[in-house]
Amino acid sequence: MMAMNFQTTQEKILKSSRRNLLETAVFTLGLSLFGIYALPVAAQTWPTKPVKVVVPAPAGSSLDVIVRGLGETLSKRWGQPLVVDNKPGAGGTIGMDLVAKAPADGYTLGIGFNGPIAFGPFMFKKMPYDPAKDLLPIVLTTSQPNVLAVPAAHPANNLKEFVAWAKSQGDKVSYASVGLGSSSHLSMELLKATAGFEATHVPFNGSPPAALSVAQNETQALMTVEPALLSLVQGGRLKLIAVTSPQRLASRPDLQTVAEAGFPGFDALAWNGIFAPAGTPSDVTNRLNADLNAAMADPAFKQNMLKQGLIIGGGSAASFKSFIDSETRKWGAIITKAGIKLD
């Protein structure tokens, strides 16, 4: 009798254990299914078609190269092609306006830069979009400092000597830029305001003619990105005397920063980043941020960018927005003081 009771009890325990295991399995499956179906629809399906990235610059430009470089990795991650749509013109505002007015579904993005994001609101009487309200920052892609170039025969060999020389010339100094309202233009205006010297701005259409004007001593200085000046530097027609980044360039460790030359806190970078239309679902923008960060970490992409003197960005959307807000305040003050207008 005792053996029968023991057997019966054992069977009950086994049945109870099986029942508990089954209930646990069902409960776990239910949670998993709930997790899947609780996700926004966009997170489950995006992307189901090609993703377009508007580049507000011509094919072959640095912005174009950045997006195409990212596209190789992103297309693999998404299982969908990344389509580049070049829309240059009006200082980048034509392309970014297309992004601002696109459906907020994650299928139209844009690569914005200083001009149409942080400078434009202060230089145009009216913009077709509001960068702060109509565009959603996703991630900083790259940044690049400007370097200060002077004619090879210039008496100044460093920034301190250049500033002293410029002050001694009164209003006789002129400087070139790659265009009105460009980072090249505004970086020199920031240096003028910081160091306290006068110089007349002479805008050119791009870096080749601007650099040539300095090499020929028609103008006495130019701030622009290093790769644009390499041929004239290597040819002994220009010399570089400072860089506008907080740290020295890895490619030119002997080139002093403006901050090191006696102007602490000086920082002037040309930067760019990916934007989506305002209202794009957060699950899609979170996915975009994660995937773009992963693409920028790709060794081949990093090597390609470094060859062009570009500093890889990355980070959260929140940090990118905070950076943009800071840049907008800084350059807004410079633009307003200099009275720079593009219309």
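Helices (H or I, at least four residues) and strands (E, at least two) are DSSP runs, numbered from the N terminus. Residues are numbered from 1 along each chain as its sequence is written. This is a predicted model, where local features need pLDDT of at least 70 and side-chain atom pairs count only at pLDDT 80 or more, while totals for chains, interfaces and linings use all residues; side-chain values use heavy atoms, with hydrogens and water left out.

**Stop one: the largest pocket.** Select A57, S62, F113, V178 and S182, which of its 42 lining residues are the closest to the centre. A pocket here is an open set of points on a 1 Å grid over the protein atoms alone, where a 1.4 Å probe fits, with protein on both sides within 12 Å along at least five of seven lines; lining residues have an atom within 4 Å of a point. Now colour α3 (62-78), α5 (114-123), β4 (135-151), α8 (183-195), β7 (222-225) and β9 (269-277), each of which supplies at least two lining residues. With 5 residues, α5 gives the most.

**Stop two: S182.** Zoom in on the loop between β5 (174-177) and α8, where S182 sits. S182 has a relative accessible area of 15%, so it counts as buried (under 20%, with a 1.4 Å probe and protein chains only). Show F119 and S177 too: S182 touches both (heavy atoms within 4.5 Å), leaving aside residues up to four places away in sequence.

**Stop three: α8 and α13.** Next, select α8 with helix α13 (residues 317-338); their axes, lines fitted to C-alpha atoms over the stretch in contact, come within 10 Å and cross at roughly 80 degrees. α8 is therefore roughly perpendicular to α13 (65 to 115 degrees). To see the contact, display L186, S187, E189, L190 and A193 of α8 with W331, I334, I335, K337 and A338 of α13.

Notes: Axes are lines fitted to C-alpha atoms, for helices over the stretch in contact, and angles run from 0 to 180 degrees between N-to-C directions. Angles under 35 degrees count as roughly parallel, over 145 as roughly antiparallel, 65 to 115 as roughly perpendicular and the rest as oblique. Buried means under 20% relative accessible area, exposed over 50%, partly exposed in between (1.4 Å probe, protein chains only).
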